[in-house]
Amino acid sequence: TLALQLRIGINTGEAVVSLGARPEEGEGIVTGDVVNTASRLQGAAPINGIAVSETTYRATERVFEYEELEPVAVKGKPEPLVIFRPLSSRARFGSDVTRTHATPLVGRDLEKPLLIGAFERAMQQRSCQLVTLVGEPGVGKSRLCAELFHHLEDQPGLTRWRQGRCLPYGDGIAFWALGEIVKAECGILESDSQDEAEAKLEQALPRDDPDYAWLKARFAPLVVGGGEPASQEEAFNAWRHVLESWADTRETVLVFEDLHWGDEALLSFLEHVADWSEGVPLLLLCTARPELYEQHPGFGQNARNTQRINLSPLTDEETARLVSSLLERAVLPAETQQALLERAGGNPLYAEEFVRL
């Protein structure tokens, strides 16, 4: 057995990437100061530990707990590098923790009212609504979710908002997004032991329910793993029952991001909830790329109260307004504006990144 030791250095910044590089012939793939600094950090990291730059620390300090290490003098830098060691994840309350939206919403004058209307319908009719926002990466699906979140913040009363993300790879991830939602509701942290996680789960389940023990056994695998395997029908009924109990006590929005990576079993569960839940104000809000419907063309078609909102690219006029807002100036040189519009291709994220560059 080899007793291997390693060090990891992480830096954040811009690098030059050679897409046509031939590494097998010794050609470099990436270059730039950010790469050189990451290499220096790797050499300065603790054995079997990680060291990150101040830039990486600033970008992720709300997500991870850090310990500041002694600054290190490295070759090629006139001043010692300030470095940090990540200790643990802060929490699992959804990706919205790291997202900020400083730019105005542009070009979604039809889609935003549709989404708010679906929420209002769920609340006023006390019904379950399943809404899927569909569009290419960067077109604004998460931004539209954030707009609904801010709309709810401005309303009287409290709305339960929980998020989970589907993963593209890994073992045991069929219901990962649902597990994240349950952990967020329970307040389960990444650093919690199994006993602590189980205790928090118990507090989030309806204690006065006669089927409490049965429900706990069906929920435990979502948050702590293990447990007796249950049939899909049993698990779905138990999970739906608890989600309904949450919505019965408070208006509830559950967000499932990147559903195009979702397992077929998760899609079936969402259809199950949308079809069988009634009498509670519950919005199931999903985001997905178009390939979701290429892989699962019938998703949501047979469930009640379902809606698909397609997000198309922005028009040139809308992109120009977004660019002007980002640059805080109304008029750009014609050549500059045309270049930005062509590169962005109507994608708000691309427009923001090209303006920033």
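Tutor: I29 is partly exposed, with a relative accessible area of 43%; that class lies between buried (under 20%) and exposed (over 50%), with a 1.4 Å probe and protein chains only. The model is predicted, so local features need pLDDT of at least 70 and side-chain atom pairs 80 or more, while totals for chains, interfaces and linings use all residues. Residues are numbered from 1 along each chain as its sequence is written, and side-chain values use heavy atoms, without hydrogens and water.

I29 sits in the loop between β2 (16-17) and β3 (30-31). Such labels are DSSP runs numbered from the N terminus: helices are H or I with at least four residues, strands are E with at least two. Together with V17, L19 and V30, I29 makes a nonpolar surface patch of about 410 Å². Patch members have over 30% relative accessible area and no salt bridge; nonpolar side chains (Val, Leu, Ile, Met, Phe, Trp, Tyr) are joined within 5 Å, like charges within 9 Å. The areas come from the Shrake-Rupley method with a 1.4 Å probe, and for residues only the protein chains shown count as cover.

Charged residues come next. R22, E25 and E27 are linked in a network of salt bridges, each bridge being a side-chain nitrogen of Lys or Arg within 4 Å of a carboxyl oxygen of Asp or Glu. The structure holds 19 salt bridges. One of them joins E54 to R58, with the closest N and O atoms 3.1 Å apart. These two residues are four apart in helix α2 (residues 54-60), so about one helical turn separates E54 from R58. E54 is partly exposed at 33% relative accessibility, and R58 is also partly exposed, at 48%.

E147 and R143 also form a salt bridge, at 3.1 Å between the closest N and O atoms. Both belong to helix α4 (residues 141-153) and are four residues apart, about one turn. Here E147 is buried at 13% relative accessibility, and R143 is buried at 14%. A further salt bridge, between E111 and R108, has an N to O distance of 3.9 Å. E111 is buried at 12%, as is R108 at 6%.

Now the sheet. Four strands make an open sheet with mixed pairing, in the order β1-β4-β6-β5; two strands pair if DSSP finds at least two bridges between them. β1 (7-10) and β5 (64-68) are at the edges with a single partner strand each, so one side of each has no neighbour in the sheet. On average, neighbouring strands are turned by 35 degrees against each other, direction ignored. Strands β4 (residues 49-53) and β6 (residues 83-89) run antiparallel and are joined by two bridges; V52 has F84 in β6 as its bridge partner. Helix α1 (residues 33-44) lies across β1, β4 and β6, at about 145 degrees to β1. Contact here means heavy atoms within 4.5 Å, and angles run from 0 to 180 degrees between N-to-C directions of lines fitted to C-alpha atoms, for helices over the stretch in contact.

Two loop residues remain. R126, in the loop between α3 (111-125) and β7 (128-134), is not a glycine but has a positive phi near 45 degrees. D258, also not a glycine, has a positive phi of about 55 degrees and lies in the loop between β9 (252-257) and α9 (264-276). R126 is partly exposed at 35%, whereas D258 is buried at 15%.
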